[in-house]
Amino acid sequence: MGAHSIHPRVWQVSGQRFWGLFKELCGEPDVFFSHCLVHNYCPLVFMAESGKNIALPQLPKGPSRDALRDICDNAMRSVVELLQPQLVVGVGKYAAERCSKALPATTVHTLMHPSPANPATNCGAWAPAATAQLSHMGVLPLLSS
């Protein structure tokens with residue numbers, strides 16, 4: 001079955017969970033985007049022949065992965081330097097760790113990744129956990145219209 005025959009709502013659970021929560025919290029996209037920017041640490045997609053997503057830390061260790069990580073760190077630094085956000089949130093432990101290493105003078109918060117590979121996100125548990133984390137970070141008041 002080709003990728004073109006799979007509806008995005010079927011194959012991208014993480015995105016459904018992430019954007020679904022912010023739609024619920026914000027109502028309208030303008031509310032979210034007036035205060036927030038989503039920058040994917042590694043905007044490239046690597047997939048196994050089965051169609052399974054392969055995240056950057058799952059790629060084989062070696063100089064190629066290190067070079068890609070360095071490029072992603074530099075791109076993230078450039079975005080942060082340009083936009084000068086008040087708060088940086090890494091979605092998932094890996095993104096938060098990379099943000100912390102690349103931006104040592106910046107406080108970085110972690111939001112649990114909505115991936116179905118994380119057992120703590122399944123059975124409807126991700127949205128309440130993420131909402132609690134956002135509340136703890138002080139972000140929730142920015143997300144209401």
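**Stop 1**

Select Trp 19. At 37% relative accessibility, this residue is partly exposed. Keep in mind throughout that the model on screen is predicted.

Trp 19 belongs to helix H2 (residues 13-26), while Phe 32 belongs to helix H3 (residues 29-33). The pair therefore ties together parts that are 13 residues apart in sequence.

Is Phe 32 buried or exposed? Phe 32 is buried, with a relative accessible area of 5%. The cut-off for buried is under 20%, so Phe 32 qualifies.

Across the structure, the count comes to 7 aromatic pairs.

**Stop 2**

Use the distance tool from Lys 23 to Met 76. Their C-alpha atoms are separated by 25 Å. Along the chain the two residues are 53 residues apart.

Next, show helix H6 (residues 126-137) together with H2. The two axes come within 10 Å. They cross at roughly 60°. H2 and H6 are therefore oblique to each other. The crossing of H2 past H6 is right-handed.

**Stop 1: Salt bridges on helix H4**

Move to helix H4 (residues 63-83). Side chains of opposite charge can pair when their charged atoms come close. How many salt bridges does a search of the whole structure find? The search finds 3.

Start with the pair that reaches out of H4. Select Asp 73 and Arg 98. Their side chains meet in a salt bridge, at 2.4 Å from N to O. Asp 73 sits in helix H4 and Arg 98 in helix H5 (residues 93-102). The pair links distant parts of the chain, 25 residues apart. Check the accessibility of each partner. Asp 73 is buried, at 5% relative accessibility. Arg 98 is buried too, at 10%.

Now select Asp 66, Arg 69 and Asp 70. Salt bridges that share partners join these residues into one network. Take the contacts one at a time:

- Arg 69 and Asp 66 meet through their side chains at 3.5 Å, N to O.
- Asp 70 and Arg 69 form a salt bridge whose closest N and O atoms are 3.4 Å apart.

Arg 69 and Asp 66 both lie in H4. They are 3 residues apart, about one turn of the helix.

Arg 69 is partly exposed at 24%. Asp 66 is partly exposed at 31%. Asp 70 is partly exposed at 37%.

**Stop 4**

Most residues other than glycine have a negative phi. Which way does the phi of Gln 84 go, positive or negative? Its phi is near 45°, a positive value in a residue other than glycine. Find Gln 84 in the loop between H4 and strand E1 (88-91). Gln 84 is exposed, with a relative accessible area of 64%.

Jump to Cys 123. Its phi is near 60°, again positive in a residue other than glycine. Cys 123 lies in the loop between strand E2 (108-111) and H6. With a relative accessible area of 86%, Cys 123 is exposed.

**Stop 2**

Pick the C-alpha atoms at its two ends.

Key: Residues are numbered from 1 along each chain as its sequence is written. This is a predicted model: local features need pLDDT of at least 70, side-chain atom pairs count only at pLDDT 80 or more; totals for chains, interfaces and linings use all residues. Side-chain values use heavy atoms; hydrogens and water are left out. A salt bridge is a side-chain nitrogen of Lys or Arg within 4 Å of a carboxyl oxygen of Asp or Glu. Helices (H or I, at least four residues) and strands (E, at least two) are DSSP runs, numbered from the N terminus. Buried means under 20% relative accessible area, exposed over 50%, partly exposed in between (1.4 Å probe, protein chains only). Rings of Phe, Tyr and Trp (its six-membered ring) pair if their centres lie within 6.5 Å; planes under 30 degrees apart count as stacked, over 60 as edge-to-face and the rest as tilted. Axes are lines fitted to C-alpha atoms, for helices over the stretch in contact, and angles run from 0 to 180 degrees between N-to-C directions. Angles under 35 degrees count as roughly parallel, over 145 as roughly antiparallel, 65 to 115 as roughly perpendicular and the rest as oblique. A crossing is left-handed if the near helix is turned anticlockwise from the far one by less than a right angle, and right-handed if clockwise.
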